[in-house]
Amino acid sequence: MPAKVGEKSFITTWLLSLFLGGLGVDRFYLGKVGTGILKLLTFGGLGVWYLIDLIMVITNATRDKDGDKLEGYEKNKVLAIVVTLVILVLGIGASAMNSSKTNTINTQSSVTPEASQEQKQEVMKIDVKTLGDAFDANQVAAEKEWSGKLVEFAAEITNINEGRLSFAGDITSDEYSMTQISCELKDEDQALNVKNGQTITVQGVVGEQTIGVISLGDCTVL
């Protein structure tokens with residue numbers, strides 16, 4: 001004998017199964033208290049029971065405690081199936097994205113300090129005249145060879161501006177050379193602790209030469 005349609009609502013059962021099925025609320029609503037408690041204690045059978053019950057609801061295979069069908073299935077089945085599929089697909093997609101992000105973070109975290117140190121740019125300790133003579137001889141060739149390199153050298157300060165130190169005079173082998181080095185400090189406050197005529201050691205990244213001035217960026221006074 002075919003099961004008759006009971007009083008329990010298909011829409012209510014479907015929504016409870018979709019959003020609270022892992023807690024067994026859908027089974028409590030249908031009057032199945034015993035299996036509802038079991039489903040609650042197992043967190044929806046670790047997801048498996050939850051999924052089975054949800055499929056049974058949207059395929060009209062679910063019955064209430066008296067064995068009756070759910071009311072309103074034919075009217076709402078298309079909506080229920082479409083919404084359920086969309087939510088499940090979005091949930092799976094979000095889970096995959098979170099997993100990917102977690103793997104990326106774990107990969108980044110696994111980089112050792114030694115590996116990070118290796119990635120840092122190597123400092124070239126040079127005689128300042130090596131740099132000055134190179135630009136004096138051929139600016140184009142010097143820029144190609146030196147631009148972007150982190151260098152360290154000692155030289156005498158000839159001018160101090162806000163956040164910038166200048167070196168001239170004894171930075172080339174030619175005593176009449178007009179070449180200068182302009183060093184833009186990473187920490188502008190370092191300009192407060194030096195004075196003209198003082199010989200200091202600096203590190204900086206070589207840039208281009210403009211009107212005889214070799215620019216260095218990200219400079220640090222050592």
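**Overall form and glutamine 190**

Guide: The protein exposes about 13700 Å², of which carbon and sulfur atoms supply 58%, with areas taken from the Shrake-Rupley method and a 1.4 Å probe. This is a predicted model, in which local features need pLDDT of at least 70, side-chain atom pairs count only at pLDDT 80 or more, and totals for chains, interfaces and linings use all residues. Residues are numbered from 1 along each chain as its sequence is written, and side-chain values use heavy atoms, with hydrogens and water left out.

Visitor: What radius of gyration does the protein have?

Guide: The protein has 37 Å, whereas a compact globule of 222 residues would have a value near 17 Å; the radius is taken over C-alpha atoms, and the globule rule is 2.2 Å times the number of residues to the power 0.38.

Visitor: And what box do the C-alpha atoms fill?

Guide: Along the principal axes, that box is roughly 110 × 30 × 30 Å.

Visitor: Switching topic, where is glutamine 190?

Guide: Glutamine 190 sits in the loop between β6 (180–185) and β7 (199–210), where strands are DSSP runs of E with at least two residues, numbered from the N terminus.

Visitor: Which residues is it in contact with, leaving aside neighbours within four places in sequence?

Guide: Those residues are Leu185, Cys219, Thr220 and Val221, contact meaning heavy atoms within 4.5 Å.

Visitor: What does the side chain of glutamine 190 reach at 2.9 Å?

Guide: At that distance, the side chain of glutamine 190 reaches the backbone nitrogen of valine 221.

How values were computed: Helix = DSSP H or I, 4+ residues; strand = E, 2+ residues; numbered from the N terminus. Polar contact = N/O pair within 3.5 Å; in protein donor to acceptor, adjacent residues only side chain to side chain.
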